[in-house]
Amino acid sequence: MFSKEASRILREEFWTSFGKSFPRKWILYNTKLKGVSFKFYFDTKKALIALDLEDDLEHRIKYWEKLQALKTILLDEYLPEAIFEDTYFLENGKEISRIYIPLEQKVSIHNKNTWQEVMVFFNEKMSLFEAFFLEYKEIIEG
């Protein structure tokens with residue numbers, strides 16, 4: 001077990017190391033679409049990347065329908081392992097819509113031996129996800 005402080009330090013170390021290993025500007029919250037953001041997620045049990053739709057239901061539905069229309073392209077040309085969930089509950093109970101790609105291997109942010117694998121996964125998959133988003137952004141925001 002790790003203390004809260006030890007866990008915080010490890011998390012900080014991972015994200016700093018990731019930034020140094022793959023120095024680039026990610027889109028993340030800067031999609032220019034209200035309530036639409038990319039996320040990196042890594043905890044003691046799993047790692048994933050996601051595109052979250054977190055705004056009011058009207059915006060979520062609008063963007064979700066556009067993304068559903070592009071689903072075949074995303075799966076065929078970019079990320080065949082992407083999972084679409086129109087109703088996804090965050091740990092805090094908030095309901096969102098999410099498209100995500102989990103890393104299938106067992107990883108933990110507390111295990112430095114899994115860090116490189118997660119960093120490579122994050123870089124590779126998020127780069128593809130962002131390329132898809134930038135290519136089809138006009139359709140999504142349409």
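In what order do the four strands of the open sheet lie, and with what pairing? In this predicted model, the order of the open sheet is E1-E2-E4-E3, and the pairing is antiparallel. E1 and strand E3 (83-89) each have a single partner strand and stand at the edges, so one side of each is left without a neighbour in the sheet. From one strand to the next, the twist averages 30°.

- Strand E1 (residues 36-42) and strand E2 (residues 47-53) run antiparallel and are joined by seven bridges, and with four residues between them they form a hairpin.
- Within this pairing, Val36 has Leu53 in E2 as its bridge partner, while Leu53 in turn has Ser97 in E4 as a bridge partner.
- E2 also pairs with strand E4 (residues 95-102), again in the antiparallel sense, and six bridges connect these two strands.
- Although E1 stands at an edge of the sheet, six of its seven residues are buried, so strand E1 is largely enclosed by the rest of the structure.
- Ala50, which is found in strand E2, has a relative accessible area of 0% and is therefore buried, the cut-off for that class being under 20%.
- The C-alpha atoms of Ala50 and Tyr100 are 4.1 Å apart in space, although 50 residues separate Ala50 from Tyr100 in sequence.
- As a general point, strands of a sheet pair through backbone hydrogen bonds, either parallel or antiparallel.

**Aromatic pairs and the cluster**

- The count of aromatic pairs in the model comes to 22.
- In one of these pairs, the ring centres of Phe18 and Phe40 are 5.3 Å apart and the ring planes stand at 75°, so the arrangement is edge-to-face.
- Phe132 and Tyr136 make a tilted aromatic pair, with 5.4 Å from centre to centre and 40° between the planes.
- Because Phe132 and Tyr136 are four residues apart in helix H4 (residues 115-141), about one helical turn separates them.
- Phe132 is buried at a relative accessible area of 1%, and Tyr136, at 14% relative accessibility, also counts as buried.
- One aromatic cluster is formed by Phe14, Trp15, Phe18, Phe22, Trp26, Phe40, Phe42, Trp115, Phe121 and Phe122, so that both partners of the edge-to-face pair, Phe18 and Phe40, are among its members.

**Charges over rings**

- Arg24 has its charged end over the ring of Trp26, at 3.9 Å from the ring centre, and Trp26 is itself one of the residues of the aromatic cluster.
- Lys71 likewise places its charged end over an aromatic ring, here that of Phe84, with 4.8 Å to the ring centre.

- The crossing in which H3 passes H4 is right-handed.
- For helix H2 (residues 57-69) and H4, the axes come within 10 Å and cross at roughly 125°, an angle at which H2 and H4 are therefore oblique to each other.
- The crossing of H2 and H4 is also right-handed.

**The loop between H1 and E1**

- Leu28, whose place is in the loop between H1 and E1, has a positive phi of about 45° although it is not a glycine.
- With a relative accessibility of 24%, Leu28 counts as partly exposed.
- Lys32 lies in the loop between H1 and E1 as well, and Lys32 too has a positive phi, of about 70°, without being a glycine.
- The relative accessible area of Lys32 is 63%, and Lys32 is therefore exposed, the cut-off for that class being over 50%.

Note on methods. Residues numbered from 1 in each chain as written. Predicted model: local features only at pLDDT ≥ 70, side-chain atom pairs only at ≥ 80, totals over all residues. Heavy atoms only, no water. Buried < 20%, exposed > 50% of the residue type's maximum accessible area, 1.4 Å probe, protein only. Pairing = 2+ DSSP bridges. Phe/Tyr/Trp six-rings, centres within 6.5 Å; stacked < 30°, edge-to-face > 60°. Lys NZ or Arg CZ within 6 Å of the ring centre and 35° of its normal. Left-handed = near helix turned anticlockwise from the far one by under 90°. Axes fitted to C-alpha atoms, helices over the stretch in contact; angles between N-to-C directions. Parallel < 35°, antiparallel > 145°, perpendicular 65-115°, else oblique.
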